[in-house]
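This briefing goes through the structure shown below, topic by topic. Please keep the sequence and the model in view while reading.

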Amino acid sequence: MFEQVQDFLDETEALAALVRPLDADALALETRFKGWTVADIVGHLHFWNRAAILAATEPAGFRALFARAMQAIQGGQSLRGFEAQTLNQTPGGLTGPALVAAWIADARVLADHMGRADPKDRVPWAGPDMSVRSCITARQMETWAHGQAVFDRLGRPRVETDRIKNIVHLGVNTFAWSFQVRKASPPGPMPFLALTAPSGAVWTWGEESAESRIDGPAVAFAQVVAQTRHVADTDLKLTGPVAEAWMANAQCFAGTAFAAE
């Protein structure tokens, strides 16, 4: 099992520890993320973890599932509606604590499949094919990002660890994508990053520069690229117009252009 698989499992367990004790009423609480309930978020994570299992084990099955999802959306159904409908078509349906248990169990199945694969193997996904390593990193990012809405709704602090580095690296790798998804080109080279990890270590990316750089907590950078916090609500220090433009448009996930509130 390579490092990113264990990090995904640890991220899942951290969120599971928060939601496992919740009853059906607590799972029905609305969060600030699009009005989704806690159960909606768990269902979304579960659906795409199962999709990743298909991608790793039955690529044709994943492509068929994704095609059905796109057809449903083009027909006017919401993605969350399609996800819930598909999950509820399983024997007995999946709601409440049973949904939480199924999510945790299938996350472990996904980790087992990914952990036995070559990290460089390719798997299909919503956009271009990606490596196994990138796929499980994306699942960690989704778990961490959507989990933030649950921590916020329940008023519970999150204990961050250095596994956040995977999400920061994903943010770095999607520098150009953050502009391309808005049909624009990056206004210059990627700024230099000097970010402080939860452990206190300093992580750097890019070419050293005093004129174009981003300094501050690694967690804050991850929050901005995953759009769980607006850059104005963080302690990041932005130097130069490219850094400002990037953090205003940062998006480390596929799909259409979104903007943090």
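Is Gln140 buried or exposed? Gln140 is buried, since its relative accessible area of 0% falls under the 20% limit for that class. The model is a predicted one.

**Gln140 and its surroundings**

- Gln140 belongs to helix α7, which covers residues 132-154.
- The side chain of Gln140 makes a polar contact of 3.2 Å with the side chain of Glu11.
- A polar contact of 2.9 Å links the side chain of Gln140 to that of Asn166.
- When neighbours within four places in sequence are set aside, the residues in contact with Gln140 are Asp7, Phe8, Glu11, Arg163, Asn166 and Ile167.

**Helices α1 and α6**

- Helix α1 spans residues 3-19 and helix α6 spans residues 96-115; their axes come within 10 Å and cross at roughly 175°.
- Because angles over 145 degrees count as roughly antiparallel, α1 is classed as roughly antiparallel to α6.
- On the α1 side, the contact is made by Val5, Phe8, Leu9, Thr12, Glu13, Leu15, Ala16 and Val19.
- On the α6 side, the contact is made by Val100, Trp103, Ile104, Ala107, Arg108, Leu110, Ala111, Met114 and Gly115.
- Sorted by class, this contact of α1 with α6 has 13 nonpolar, 2 polar and 2 charged residues.
- Phe8 takes part in the contact between α1 and α6, and Phe8 is also among the residues in contact with Gln140.

**The sheet as a whole**

- Four strands form an open sheet in the order β4-β3-β5-β6, and the pairing is mixed.
- The edges are β4, at 202-205, and β6, at 237-239, each of which pairs on one side only.
- From one strand to the next, the twist averages 10°.
- Helix α10, made of residues 218-225, lies across β3, β4 and β5, and runs at about 115° to β5.

**Strand pairs**

- β3 and β4 are antiparallel partners over 4 bridges.
- Within that pair, Ala194 has Thr204 of β4 as its bridge partner, and Thr196 stands opposite Val202 in β4.
- β3 and β4 form a hairpin with 5 residues between them, and Gly200 in the turn has a positive phi of about 100°.
- β3 and β5 run parallel and are joined by 5 bridges; Leu195 has Gly216 of β5 as its bridge partner.
- β5, at residues 213-217, pairs with β6 in the antiparallel sense over 3 bridges, and the bridge partner of Ile214 in β6 is Leu238.

- Of the 5 residues of β3, which is located at 192-196, 4 are buried, so β3 is largely enclosed by the rest of the structure.
- In a regular strand, side chains alternate between the two faces of the sheet.

**Loop residues**

- Lys34 is located in the loop between α2, at 24-27, and α3, at 38-57.
- Although Lys34 is not a glycine, its phi is positive at about 55°.
- Lys34 is exposed because its relative accessible area of 55% is over the 50% limit.
- Gln227 is placed in the loop between α10 and β6.
- The phi of Gln227 is near 60°, which is a positive value in a residue other than glycine.
- Gln227 has a relative accessible area of 17% and is buried.
- Gly240 is part of the loop that lies between β6 and α11, the latter at 241-249.
- Gly240 also counts as buried, at 17% relative accessibility.
- Gly240 and Pro186 are 54 residues apart along the chain, and their C-alpha atoms are separated by 13 Å.

Key: Residues numbered from 1 in each chain as written. Predicted model: local features only at pLDDT ≥ 70, side-chain atom pairs only at ≥ 80, totals over all residues. Heavy atoms only, no water. Pairing = 2+ DSSP bridges. Helix = DSSP H or I, 4+ residues; strand = E, 2+ residues; numbered from the N terminus. Axes fitted to C-alpha atoms, helices over the stretch in contact; angles between N-to-C directions. Contact = heavy atoms within 4.5 Å. Parallel < 35°, antiparallel > 145°, perpendicular 65-115°, else oblique. Nonpolar A, V, L, I, M, F, W, Y, C, P; charged D, E, K, R; others polar. Buried < 20%, exposed > 50% of the residue type's maximum accessible area, 1.4 Å probe, protein only. Polar contact = N/O pair within 3.5 Å; in protein donor to acceptor, adjacent residues only side chain to side chain.
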